[in-house]
Amino acid sequence: AIDGKKTQAGGRQGIQVAVGVRHQLIGFFGGGVQAGRVVHRVVLGKRHLGVAAIHAGARGIHQMRHLVVAAALQHIGKTHHIAVDVGQRVLERITHPGLCRQVDHAVKLPGLEQLGHAGAVGQVHFHKAEVTDKAIFYIEHAANSAAKVYNNQQALRFYQLLLDYPDLQPVKRLEITMQIADIMWLTGDWNNALKIVYDLLHEAQKINAEKVCFEAYRFLGIAAFYQNEKDEALSYFKLAYDLAKKLNDPALISIAVGNLGNWYFRTGDLTLASHLQQQDLSISIDRQDSKRQAKAYSNLGLICLEEDDLEKAEDYFYKSLKIAVDNRFLKEQSIALGNLGYTKMLAENYAEAFPLLQQKLKIATEMNDKLELINVLGNIAIYYMEIGERNMAMENYHKIVDIYHYLGDEKGEQEIRDYIALLNSELK
């Protein structure tokens, strides 16, 4: 039975069946910063530094609601046996938090291809599927869609399903594993993510999967910088840049140049940092890569802040925010909002700063991005200290302690605890 209605034996009349991603579809199939990254630990909140995009095409949309598939009932002798066929299109119904409305995207499929046989349709989910080669495309599409909207648990389930497929090509297997590691890093499972990427890099080097190697270098460079291993980070960023140049891939060159620019910014070479960020911006404009443009504008704004040019910095941040909002890039919205809020606080415009920080907190929470949460909670704590609300400030600093503890970052946790102790001692 489907939706409580009995099916008839035989026949091939196609019907449209709405399948909830969280229940039936996931069960049937067997059952993820990127965007920008913050490349330095922000003990007191301060500034946000966007690094490489994992996927230039990622969209910042909140939550995928449903997939709709065309199903055909074939030679059904019992109501609990059906064959499910993928039909003419897949619809993703997704809701963006800033729009308060649903948007449907149709993905054209190449005709009816049998996806597999399943049992117990009348129950909450399907139990079994023999996935064909062409189904891999649709499962990966569902996984990527979930990852784009930061539905991380769902994305991981789909990606794991793909890894369980025995005939998956080796390079595709490594690419999917890299996507899993990125989600693990985003949501705070740092140690396991690093182990996965080290192993992945070794395998990618053995089969000469150079683009996978690039992603691994990018990941390990960012991870090293978060852990304050600046020399190690630079080594990985240079490896990524050299490989991108060898491949003559403008998209990878843009990411690598942006990462190097951020490294030189954090180590104080503003001239070289500015040159590299301008280069990243120029490449991204030529490629019409909106996400990279948003990142480059934010990074150029940070350089202007270091040069005490608040007006120019704010102009760059607003350019970044506009691109991010227009294209629904959640991570880039979060970074731009945080940078604008911090800029407003530098100008002592606290009334305008706080709403920007509240917006960032909402987005960071939706993404479950632990490092973005650390940044915004730090800035909110600074805001409360500036307006004399010390208890509210301390509450936010303690939330940061909890996140560092969750991440297993003992150094970061201790730095915040020491700062809290310093603030308390100043009141005595």
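Axes here are lines fitted to C-alpha atoms, for helices over the stretch in contact, and angles run from 0 to 180 degrees between N-to-C directions. Helices (H or I, at least four residues) are DSSP runs, numbered from the N terminus.

The model is predicted, so local features need pLDDT of at least 70 and side-chain atom pairs count only at pLDDT 80 or more, while totals for chains, interfaces and linings use all residues. Residues are numbered from 1 along each chain as its sequence is written, and side-chain values use heavy atoms, with hydrogens and water left out.

**Helix pairs**

| Pair | Axes come within | Crossing angle |
|---|---|---|
| H5 and H6 | 9 Å | roughly 150 degrees |
| H11 and H12 | 9 Å | roughly 155 degrees |
| H13 and H14 | 9 Å | roughly 155 degrees |

Angles over 145 degrees count as roughly antiparallel. H5 and H6 are therefore roughly antiparallel to each other. H5 passes H6 in a left-handed crossing, a term for a near helix turned anticlockwise from the far one by less than a right angle. Contact means heavy atoms within 4.5 Å. Among the residues that make the contact are Ala193, Leu194 and Tyr198 of H5 and Val212, Cys213 and Leu220 of H6. By class, the contact of H5 with H6 has 14 nonpolar residues, 1 polar and no charged. In this grouping Ala, Val, Leu, Ile, Met, Phe, Trp, Tyr, Cys and Pro count as nonpolar, Asp, Glu, Lys and Arg as charged, and the others, Gly among them, as polar.

H11 covers residues 310–327 and H12 residues 330–346. H11 and H12 are roughly antiparallel to each other, and H11 passes H12 in a left-handed crossing. The contact includes Leu310, Glu314 and Phe317 of H11, with Lys344 and Leu346 among the residues of H12. Its residues divide into 10 nonpolar, 4 polar and 3 charged.

H13 spans residues 350–367 and H14 residues 370–386. H13 and H14 are also roughly antiparallel, and their crossing is left-handed. Tyr350, Phe354 and Lys360 of H13 are among the residues in this contact, as are Glu372, Ile380 and Tyr384 of H14. The contact of H13 with H14 has 12 nonpolar, 3 polar and 3 charged residues.

**Helix H6 and what follows**

H6 runs over residues 210–226, 17 residues in number, and reaches 24 Å from its first C-alpha to its last, close to the 24 Å expected at 1.5 Å a residue. The expected span is 1.5 Å times one less than the number of residues. Of the 17 residues of H6, 16 are buried, so the helix is largely enclosed by the rest of the structure. Buried means under 20% relative accessible area, exposed over 50%, and partly exposed in between (1.4 Å probe, protein chains only).

Glutamate 232 lies in helix H7, residues 230–247, and is partly exposed at a relative accessible area of 33%. Leaving aside neighbours within four places in sequence, glutamate 232 is in contact with Tyr198 and Ala224. The C-alpha atoms of glutamate 232 and leucine 220 are separated by 8.7 Å, with the two residues 12 apart along the chain.

**Positive phi angles**

Most residues other than glycine have a negative phi. Asparagine 208 has a positive phi of about 60 degrees; this residue is in the loop between H5 and H6 and is exposed, with a relative accessible area of 55%. Asparagine 228, which follows H6, has a positive phi near 65 degrees. Glutamine 288 has a positive phi of about 55 degrees. Glutamine 288 sits in the loop between H9 and H10 and counts as exposed at 70% relative accessibility.

Key. Helix = DSSP H or I, 4+ residues; strand = E, 2+ residues; numbered from the N terminus. Parallel < 35°, antiparallel > 145°, perpendicular 65-115°, else oblique.
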